[in-house]
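Trainee: Could we go through this model together? I would like to begin with its overall layout.

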Amino acid sequence: MKPKLVITHKIHDEVLQMLTPHCDLITNQTHCSLSRNATIQLAQNAEALMVFMPDRVDAEFLQACPKLKVIGAAVKGYDNFDAAACTANDVWLSFVPDLLTVPTAELTIGLMIGLIRHIREADQHVRSGNFKGWRPQFYGLGVEGSTIAIIGMGAIGKAIAQRLTGWGAKLIYTDQQPIASEQQAALTLEFFSLDDTLAQANIVIMALPLNSQTQHLMDEHRLQQMPAGSFLVNPCRGSVVDETAVLRMLNSGHIEGYASDVFEMEDWARDDRPDVIDQKLLMHPNTLFTAHIGSAVRKVRLAIEKRAAENILSVLRGEPPLDPANQLISRKDAACSI
């Protein structure tokens, strides 16, 4: 009998066809997320689970699904999934480490340009019917001559820096440690402490994973360290920024604009996460938001789903996943012959 695989969100037909010969599939081919209880009910007798950003797996979930051998996360940042609990329950957790990097960096550049050049406001003005031709308005900040700070120099931080090289901006960054001098030179980067980085940046771009050290890193104190009239762009995780503090800084005029593809309400691992985005932040004119579309490129999403599927099939063959987020001492027997 083929192992049971529950897939919590819609995936491409090509990936379904890839998995069907090897697994009995339970799918959700809608645009809606399953509730936690619905997912547990479907997965309680499953050997495998493919999960996505809106899902959350913790010890309680795993105890309710004792047959699970592998959870294949179709994400890069797996902070919504408890790797330690997976290990304790002898369940492999896999992720997709690289495929989201380039599209996320590309969207970051788009958010930055859209924010500093007031594209949202200008678009709304044209659509309102009040546009009568050029007028001296919507003046913004140019990239050339600006100082752009990247907070975090992992894969996404490097990809953002690579795409900004040659734009005529001064590129600075901070991280726990500087990157290799050769990489730093190739990307025309300068390393500073977090305090010094924030103090000189016209534009700050967040490129950090979410953990206990980075949650609300950009709080009111840090935002006040940024020069008056500067801009903040967040493509990584909503909770690395304190959205309440951002709203206060926008209202005071200290921060001129905030753009984000991610929000605190998405960070399911936080017991205290807000349920919704503050309506006052949504309505603020100096904001630009997208609906967590950092990886929303057709060929990229297909590749991510395929990689998650390959990780799952690897474990069901009795092998480790290609991209493990944890390590198991003992391994469960192969569930299928592939």
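**Domains and their interface**

Mentor: The chain is divided into domain 1 (4-97 + 297-317) and domain 2 (100-289). Please keep in mind that this is a predicted model.

Trainee: How many residues does each domain bring to the contact?

Mentor: Domain 1 supplies 14 residues and domain 2 supplies twelve residues. The centres of the two domains, taken over C-alpha atoms, are separated by 31 Å.

Trainee: What area is buried between domain 1 and domain 2?

Mentor: About 1100 Å² is buried between them, and carbon and sulfur atoms give 54% of that area.

Trainee: Which residues in domain 1 lose the most area to domain 2?

Mentor: They are Arg 56, Lys 76 and Asp 79, which together make up 47% of what the domain 1 side buries.

Trainee: What does Arg 56 form a salt bridge with?

Mentor: Its partner is Asp 271, and the closest N and O atoms of the pair are 3.6 Å apart. Two salt bridges are found across the interface of domain 1 and domain 2.

Trainee: And how many residue pairs are in polar contact across that interface?

Mentor: Seven residue pairs are found there, with both residues at pLDDT 80 or more. By class, the side of domain 1 that touches domain 2 has eight nonpolar, two polar and four charged residues.

Trainee: Where do Arg 36 and Glu 60 lie?

Mentor: Arg 36 is in helix H2 (residues 36-43) and Glu 60 is in helix H3 (residues 59-64), so the pair ties together parts that are 24 residues apart in sequence.

Trainee: Changing topic, which residues does the UniProt annotation for NAD-binding cover?

Mentor: In an unreviewed entry, UniProt gives "domain: D-isomer specific 2-hydroxyacid dehydrogenase NAD-binding" for residues 109-294. In the model, residues 109-294 are 32% helix and 17% strand, and the end C-alpha atoms of the span lie 11 Å apart.

Trainee: And which residues does UniProt list for the catalytic domain?

Mentor: The unreviewed entry lists residues 6-325 as "domain: D-isomer specific 2-hydroxyacid dehydrogenase catalytic". Over residues 6-325 the chain is 36% helix and 15% strand, with the end C-alpha atoms 19 Å apart.

Definitions and conventions
Residues are numbered from 1 along each chain as its sequence is written. This is a predicted model: local features need pLDDT of at least 70, side-chain atom pairs count only at pLDDT 80 or more; totals for chains, interfaces and linings use all residues. Side-chain values use heavy atoms; hydrogens and water are left out. UniProt positions are given in the numbering used here, feature names are shortened, and annotations may be inferred rather than shown by experiment. Helices (H or I, at least four residues) and strands (E, at least two) are DSSP runs, numbered from the N terminus. Domain bounds come from an automatic or database domain assignment. Contact means heavy atoms within 4.5 Å. Buried area is the accessible area (1.4 Å probe) that two parts lose on being put together, summed over both. A salt bridge is a side-chain nitrogen of Lys or Arg within 4 Å of a carboxyl oxygen of Asp or Glu. A polar contact is a pair of N or O atoms within 3.5 Å; within protein, one must be able to donate a hydrogen and the other to accept it, and residues adjacent in sequence count only if both atoms are side-chain atoms. Ala, Val, Leu, Ile, Met, Phe, Trp, Tyr, Cys and Pro count as nonpolar, Asp, Glu, Lys and Arg as charged, and the others, Gly among them, as polar.
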